[in-house]
Amino acid sequence: MLTDSAIEGYKVHTERTISHARYRIGSTWYTAQISRRERMADGRVAIYFPIIPQSQEEVTITGVELYSKDGKLWAEKAENIKVESVQEGVLYRFTFDLHEEET
């Protein structure tokens, strides 16, 4: 069994390793900077980044990704988030619940 110290080490590693995000609108990927890293009250690690499409029309965000400092894909998720216009944006949050389950 992993100790609490080991699990905390994985959480710190996750917070420090993630470098930037990308999101997809149509067939184009855009880079977004991480705006905040947070430890939630329940112990999950949260990574936030803003998505602000530069479009006068409604767009749909169809995918999001997180990348490590060495440029490797760290996490990915398919999405279907509609954004009305350039006046709107999305603050996207990935959460990681790092724990060991007993079997």
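Predicted model: local features only at pLDDT ≥ 70, side-chain atom pairs only at ≥ 80, totals over all residues.
A salt bridge is a side-chain nitrogen of Lys or Arg within 4 Å of a carboxyl oxygen of Asp or Glu. A search of the whole structure turns up six salt bridges. Side chains of opposite charge can pair when their charged atoms come close.

Let us begin with Glu65 and Arg22, whose side chains form a salt bridge with an N to O distance of 3.1 Å. This pair ties together distant parts of the chain, since Glu65 sits in strand β5 (residues 59–68) and Arg22 in strand β1 (residues 18–25), 43 residues apart. Glu65 has a relative accessible area of 7%, so it counts as buried. Arg22, at 24% relative accessibility, is partly exposed.

Other salt bridges can be visited in turn. Asp42 and Arg44 meet through their side chains at 2.8 Å, N to O. Here Asp42 is exposed, because its relative accessible area of 52% is over the 50% cut-off. Arg44 is partly exposed, at 22% relative accessibility. The side chains of Lys77 and Glu79 form a salt bridge too, at 3.0 Å from N to O, and Lys77 is partly exposed with a relative accessibility of 43%. Finally, Glu8, Glu15 and Arg39 are joined in a network of salt bridges.

Now we turn to the strands. Strands of a sheet pair through backbone hydrogen bonds, either parallel or antiparallel. In this model, four strands make an open sheet with antiparallel pairing, in the order β2-β1-β5-β6. Strands β2 (28–33) and β6 (73–83) stand at the edges with a single partner strand each, so one side of each has no neighbour in the sheet. From one strand to the next, the twist averages 25°.

Look next at the pairing of β1 with β5: these strands run antiparallel and are joined by seven bridges. Within this part of the sheet, His20 stands opposite Tyr67 in β5. Helix α1 (residues 4–17) packs on the sheet and touches β1, β5 and β6, with its direction at about 60° to that of β1.

Staying with β5, we come to Ser68, which lies in that strand. Is Ser68 buried or exposed? Ser68 is buried, because its relative accessibility of 5% falls under the 20% cut-off. The side chain of Ser68 makes a polar contact with the side chain of Asp70, at 2.3 Å. Leaving aside neighbours within four places in sequence, Ser68 is in contact with Thr17, Ile18, Ser19, His20 and Trp74.

Technical notes:
Residues numbered from 1 in each chain as written. Heavy atoms only, no water. Helix = DSSP H or I, 4+ residues; strand = E, 2+ residues; numbered from the N terminus. Buried < 20%, exposed > 50% of the residue type's maximum accessible area, 1.4 Å probe, protein only. Polar contact = N/O pair within 3.5 Å; in protein donor to acceptor, adjacent residues only side chain to side chain. Contact = heavy atoms within 4.5 Å. Pairing = 2+ DSSP bridges. Axes fitted to C-alpha atoms, helices over the stretch in contact; angles between N-to-C directions.
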